[in-house]
Amino acid sequence: MSLRAGHGDDARDVARLEAAAQDPSVVARWVAGVFTPANVVLAVMAYVAVRHSESVVEAALWWLVTLVLVVAVPYAILFRALQGGRVDDRQVVRRSQRPWLFVMALGCVAVALALLVLAGAPSQVVALVIAMGAGLAAMLLATLVAKASMHLAVAAGAVAVVVVEQPLVGAVLSLLLIPIGWARRRDGRHSVGQLVAGALVGGVTALVVYASLT
């Protein structure tokens, strides 16, 4: 892997990534792939939707809205940016390339939220999407200062939502943050500080927002 060196934080992040690429870990890649933000978002939406919808069909509808607007469209924007050279890789190693993507994702979440409200989605589903938007906004603000792990932010946010719903289950699921953090560190994607920052930003934001709204 060869990326433009850049300056400051970007240069350090690129150097760490290229160093890790010299000794890749299949396990780290697998763990990061399984717990990619898209998968985690869809999993937590399925969990909340099934728990609070009147039927599986209704839950599937809310999940489908999330799939299209919160996951598919933002990823389409990302891949388009990758093709156009606005980002260097699909996980956006450079902090300087991340803010506008967060803004685009926030716009998609806003549309999803409006659609869910108009369609009469359960309050918990609406609260979850609001928490997602709040998490993205918090990550955007954090990214203006320093890079934070999106994998850990989304995973910790999902765990926080489950903690509100079922504390014991959430406590058990929190253990998954350890291998996710290890995988991102081993793969050269983040420093320890960036992992901790992501977990704190995502977890605290989701806990406060979701608990407050439900």
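Buried means under 20% relative accessible area, exposed means over 50%, and partly exposed lies in between (1.4 Å probe, protein chains only). This is a predicted model, in which local features need pLDDT of at least 70 and side-chain atom pairs count only at pLDDT 80 or more, while totals for chains, interfaces and linings use all residues. Residues are numbered from 1 along each chain as its sequence is written, and side-chain values use heavy atoms, with hydrogens and water left out.

Helices here are DSSP runs (H or I, at least four residues), numbered from the N terminus. Helix H4 covers residues 56-84. Buried residues of H4 include Trp62, Leu69, Pro74 and Leu78. Their cover includes helix H3 (37-52), helix H5 (99-118) and H6, with contact meaning heavy atoms within 4.5 Å. Glycine 85 follows H4 and has a positive phi, near 80 degrees.

One aromatic pair is found in a search of the whole structure. Tyrosine 75 and phenylalanine 79 form this pair, which is tilted, with 6.3 Å centre to centre and 45 degrees between the planes. Rings of Phe, Tyr and Trp (its six-membered ring) pair if their centres lie within 6.5 Å; planes under 30 degrees apart count as stacked, over 60 as edge-to-face and the rest as tilted. Both residues lie in H4, four residues apart, about one turn of the helix.

| Residue | Relative accessible area | Class |
|---|---|---|
| Tyrosine 75 | 28% | partly exposed |
| Phenylalanine 79 | 37% | partly exposed |
| Leucine 136 | 11% | buried |

Leucine 136 lies in helix H6 (residues 123-143). Not counting residues up to four places away in sequence, leucine 136 touches Phe102, Ala105, Leu106, Val109 and Met150. Its C-alpha atom is 8.3 Å from that of glycine 202, 66 residues apart along the chain.

In helix H9 (residues 177-186), Ile180, Gly181, Ala183 and Arg184 are buried. These residues are on the same side of H9, because they cover an arc of only 160 degrees around the axis, taken from the directions from the helix axis to the C-beta atoms. The buried residues of H9 pack against helix H2 (26-34), helix H7 (150-165) and helix H10 (192-213).

Notes:
Helices (H or I, at least four residues) and strands (E, at least two) are DSSP runs, numbered from the N terminus.
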